Amino acid sequence: EEEESLRNKIRADHERALQEAKEKLRKSHKELKAEIQTEKAKVIEDLKKKEAGPKPLPPVPMPKVVGVSDGEPPEADVKEKRDKIRERECHTPPNEQE
């Protein structure tokens with residue numbers, strides 16, 4: 001049963017290919033060339049559409065912001081306040097931290 005189904009499918013594909021070949025042979029040389037050029041143009045257009053996808057943006061250097069520096073603050077009193085806050089955070093129970 002499966003074999004018969006497969007044979008019928010192959011036969012149908014073969015018939016379709018023969019019909020297509022006969023249609024191509026009925027056309028003139030100029031018609032065939034024009035059809036080929038049209039198909040080529042479609043393929044090229046499809047390839048261009050695929051390649052025209054969004055390109056990743058180039059990396060942008062971040063400008064230095066006035067008053068912001070990495071690491072420890074240069075002022076002693078600010079450093080002291082920050083250290084006190086850090087120490088308090090260490091002693092705060094986890095459920096009270098945000």
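1. Helices here are DSSP runs of H or I with at least four residues, numbered from the N terminus. The model is predicted, so local features need pLDDT of at least 70 and side-chain atom pairs count only at pLDDT 80 or more, while totals for chains, interfaces and linings use all residues. Residues are numbered from 1 along each chain as its sequence is written, and side-chain values use heavy atoms, with hydrogens and water left out.

2. Side chains of opposite charge can pair when their charged atoms come close. A salt bridge is taken as a side-chain nitrogen of Lys or Arg within 4 Å of a carboxyl oxygen of Asp or Glu. The count by this rule is 6 salt bridges.

3. One of these pairs is Arg16 with Asp13, whose closest N and O atoms are 3.0 Å apart. Both residues belong to helix 1 (residues 2-26) and sit 3 residues apart, about one turn of the helix. Arg16 is exposed at 53% relative accessibility, and Asp13 is partly exposed at 32% (buried is under 20% relative accessible area, exposed over 50%, partly exposed in between; 1.4 Å probe, protein chains only).

4. Lys24 pairs with Glu35, with 2.3 Å between the closest N and O atoms. Lys24 is partly exposed, at 29% relative accessibility.

5. Glu35 also forms a salt bridge with Lys27, the closest N and O atoms being 2.3 Å apart. Lys27 is partly exposed, at 33% relative accessibility.

6. Through salt bridges that share partners, Lys9, Asp13 and Arg16 are joined into one network.

Note on methods
Helix = DSSP H or I, 4+ residues; strand = E, 2+ residues; numbered from the N terminus.
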